[in-house]
Amino acid sequence: MVQVVEIYNIMIKGYKPYNPNQIYLFPPAPQDWLPKEHLVYFISDLVDHLDLTVIHKVYEKGIKGQPPYHPVLMTKILFYAYCRGVFSSRKIATHL
């Protein structure tokens, strides 16, 4: 008797590209147009030190649809918006 094993083609879903040091066409880099003491840098450093493994595990389970934005990027955006007093997702999208 031959045992048949089915192999499913399950792709691990990745994230959309995220590069915090990305160089733009204009201005050349965010560091060129934001002062060194800007709130963005504090939030970026803070979130970089957070343990977001729980969020990563939730996203890794999903296999349908387009890849999501990186959780670190989304957390930084939410923290920055909340610090600025913007709590609505629609307002965040128009303000940032």
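Q: Which residues is Tyr69 in contact with, leaving aside its neighbours within four places in sequence?
A: Tyr15, Lys16 and Met74. Contact here means heavy atoms within 4.5 Å. Keep in mind that this is a predicted model, where local features need pLDDT of at least 70, side-chain atom pairs count only at pLDDT 80 or more, and totals for chains, interfaces and linings use all residues. Residues are numbered from 1 along each chain as its sequence is written, and side-chain values use heavy atoms, with hydrogens and water left out.

Q: Where does Tyr69 lie?
A: In the loop between α3 (53-61) and α4 (71-83). Helices are DSSP runs (H or I, at least four residues), numbered from the N terminus.

Q: And why does Tyr69 count as partly exposed?
A: Because its relative accessibility is 43%. Buried means under 20% relative accessible area, exposed means over 50%, and partly exposed is in between (1.4 Å probe, protein chains only).

Q: OK, new topic. Which residues make up the largest nonpolar core?
A: Ile43, Val47, Leu52, Val72 and Tyr80, 5 residues in total. The elements giving two or more residues to this core are α2 (39-48) and α4. A nonpolar core is a set of buried Ala, Val, Leu, Ile, Met, Phe, Trp, Tyr and Cys residues joined through side-chain atoms within 4.5 Å.

Q: What does Leu52 touch?
A: Not counting residues up to four places away in sequence, Leu52 touches Val47, Pro71, Val72 and Thr75.

Q: Thr75, then: buried or exposed?
A: Thr75 counts as buried, because its relative accessibility is 10%. Thr75 lies in helix α4, and beyond its neighbours within four places in sequence, Thr75 is in contact with Val47 and Leu52.

Q: Which residues of α4 are buried?
A: Pro71, Val72, Thr75, Lys76, Tyr80 and Ala81. The buried residues of α4 pack against α2, α3 and α5 (89-95).

Q: How far apart are the end C-alpha atoms of α4?
A: They are 18 Å apart, which agrees with the 18 Å that its 13 residues should span at 1.5 Å a residue. The expected span is 1.5 Å times one less than the number of residues.

Q: What comes just after α4?
A: Gly85, which takes a positive phi of about 85°.

Q: Back to α2. Where is Leu46, and is Leu46 buried or partly exposed?
A: Leu46 is in helix α2. At 37% relative accessibility, Leu46 counts as partly exposed.
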